[in-house]
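Open the structure in your viewer and keep the selection panel at hand. The tour goes stop by stop.

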Amino acid sequence: MKEIVIDIAEDGEIQLETKGFVGKACVEESQFLKDVLGKEIFKRLTPAYYSTIKQKVKKYLQLCG
């Protein structure tokens, strides 16, 4: 399930956390909130952001025997 969690601290600092998104979709889907809320001062990308990098699997053919 995809969700965007918004945490508002007592001092007014707002934190966004995306859950269930893969790759750059987390940034794209939360952009509308960042546009409304104002300037972004810090960004920390999770391992899910990088999970769209496809790893090539090499298959080796047996040459002898």
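Is A25 buried, partly exposed or exposed? Select A25 and check: A25 is partly exposed, with a relative accessible area of 21%. Here buried means under 20% relative accessible area, exposed means over 50%, and partly exposed lies in between (1.4 Å probe, protein chains only).

**Before moving on**

The model is predicted: local features need pLDDT of at least 70, side-chain atom pairs count only at pLDDT 80 or more, and totals for chains, interfaces and linings use all residues. Residues are numbered from 1 along each chain as its sequence is written, and side-chain values use heavy atoms, with hydrogens and water left out.

Colour by pLDDT, the predictor's confidence in each residue, from 0 to 100. The chain averages 82, and 78% of the residues score at least 70. Confidence is highest in β1, at 93, and lowest in α1, at a mean of 89. Helices (H or I, at least four residues) and strands (E, at least two) are DSSP runs, numbered from the N terminus.

**Stop 1: the helix**

Stay on A25. A25 belongs to helix α1, residues 25–37. A25 and Y49 are 24 residues apart in sequence, yet their C-alpha atoms are 8.0 Å apart in space.

**Stop 2: the hairpin**

Select residues 3–8 (β1) and 14–19 (β2). The two strands run antiparallel and are joined by 6 bridges. Strands count as paired if DSSP finds at least two bridges between them. Pick I4: T18 in β2 stands opposite. Then go to the 5 residues between the strands, where G12 takes a positive phi near 95°.

**Stop 3: the nonpolar patch**

Show I6, I8, I14, L16, V36 and L37 as a surface. They make a nonpolar patch of about 540 Å². β1, β2 and α1 each supply at least two of its residues. Patch residues have over 30% relative accessible area and no salt bridge; like charges are joined within 9 Å, nonpolar side chains (Val, Leu, Ile, Met, Phe, Trp, Tyr) within 5 Å. Areas come from the Shrake-Rupley method with a 1.4 Å probe; for residues, only the protein chains shown count as cover.

**Stop 4: the salt bridge**

How many salt bridges does a search of the whole structure find? The search finds 1. A salt bridge is a side-chain nitrogen of Lys or Arg within 4 Å of a carboxyl oxygen of Asp or Glu. Select K34 and E40: their side chains meet at 3.8 Å, N to O. K34 is buried at 16%, whereas E40 is partly exposed at 39%.
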